[in-house]
Amino acid sequence: TAALDLDRVTFPVTVRHWGPGDRFRPLGMKQMKKISDFLIDLKIPVTEKEKVLLMLSGDEVMWVLGFRIDDRYRVTSGTGRILVITV
């Protein structure tokens with residue numbers, strides 16, 4: 001389950017497998033990180049990496065499904081509407 005700032009989301013939202021060069025800004029970080037490096041840091045086995053999906057808002061990764069949302073889409077005190085997604 002992920003809670004995202006709905007006012008930052010661009011529709012349609014899409015889901016796809018991650019690929020080389022995909023980047024996002026993990027929750028709590030100020031810099032972008034490659035998805036491949038993120039998965040290595042979490043010690044995800046190669047067989048599981050192939051199954052990892054991304055949820056995108058336009059061309060931006062907003063959630064590495066099951067792992068972490070992008071910091072740019074986090075809910076803050078200024079958030080007006082929240083999008084809750086459960087997979």
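Student: Where is P12 found?
Tutor: P12 is in the loop between β1 (2-5) and β2. Keep in mind that this is a predicted model.

Student: What makes the bond between F11 and P12 a cis peptide bond?
Tutor: Look at omega: the value for the bond joining F11 and P12 is about 5 degrees, and the bond is cis.

Student: OK, next up is V13. Why is V13 called partly exposed?
Tutor: Its relative accessible area is 27%. Buried needs under 20% and exposed needs over 50%, so V13, at 27%, lands in between and is partly exposed. You'll find V13 in strand β2 (residues 13-17).

Student: Which residues does V13 touch?
Tutor: Leaving out residues up to four places away in sequence, V13 touches M55, L56 and M62. There's also S57: it is 44 residues from V13 along the chain, yet their C-alpha atoms are separated by 5.1 Å.

Student: How do you know that β2 and β5 pair?
Tutor: Count the bridges. Pairing takes at least two, and β2 and strand β5 (residues 53-57) have 5, in the antiparallel sense. One spot to look at is T14, which stands opposite L56 in β5.

Student: In what order do the strands of the open sheet come?
Tutor: The order is β2-β5-β6-β7, with antiparallel pairing across 4 strands.

Student: What makes β2 and β7 edge strands?
Tutor: Each of them pairs on one side only.

Student: Which residues make up the largest nonpolar core?
Tutor: There are 12 residues in all, including A2, L4, M55, M62, W63 and I85. β1, β6 (60-64) and β8 each supply at least two residues of this core. A second, separate core has 10 residues, among them L39, V52, L54 and L56.

Student: Why is D70 called buried?
Tutor: The cut-off for buried is under 20%, and D70 has a relative accessibility of 0%, so D70 counts as buried. D70 is in the loop between β7 (68-69) and β8 (82-85). Apart from neighbours within four places in sequence, D70 is in contact with F24, R25, V61 and M62.

Student: How do D22 and R16 meet?
Tutor: Their side chains meet in a salt bridge, at 2.9 Å from N to O. D22 is at 14%, under the 20% cut-off, so D22 is buried. R16, at 34%, counts as partly exposed.

Student: How many salt bridges does the structure hold?
Tutor: The structure holds 9. R25, D71 and R74 are linked in a network of salt bridges.

Student: Last one: why is K43 called exposed?
Tutor: Exposed needs over 50%, and K43 has a relative accessible area of 69%, so K43 is exposed. K43 lies in the loop between α1 (35-41) and α2 (46-49). Its phi is near 60 degrees, a positive value in a residue other than glycine.

Note on methods. Residues numbered from 1 in each chain as written. Predicted model: local features only at pLDDT ≥ 70, side-chain atom pairs only at ≥ 80, totals over all residues. Heavy atoms only, no water. Buried < 20%, exposed > 50% of the residue type's maximum accessible area, 1.4 Å probe, protein only. Contact = heavy atoms within 4.5 Å. Core = buried A, V, L, I, M, F, W, Y, C linked by side-chain atoms within 4.5 Å. Salt bridge = Lys/Arg side-chain N within 4 Å of Asp/Glu carboxyl O.
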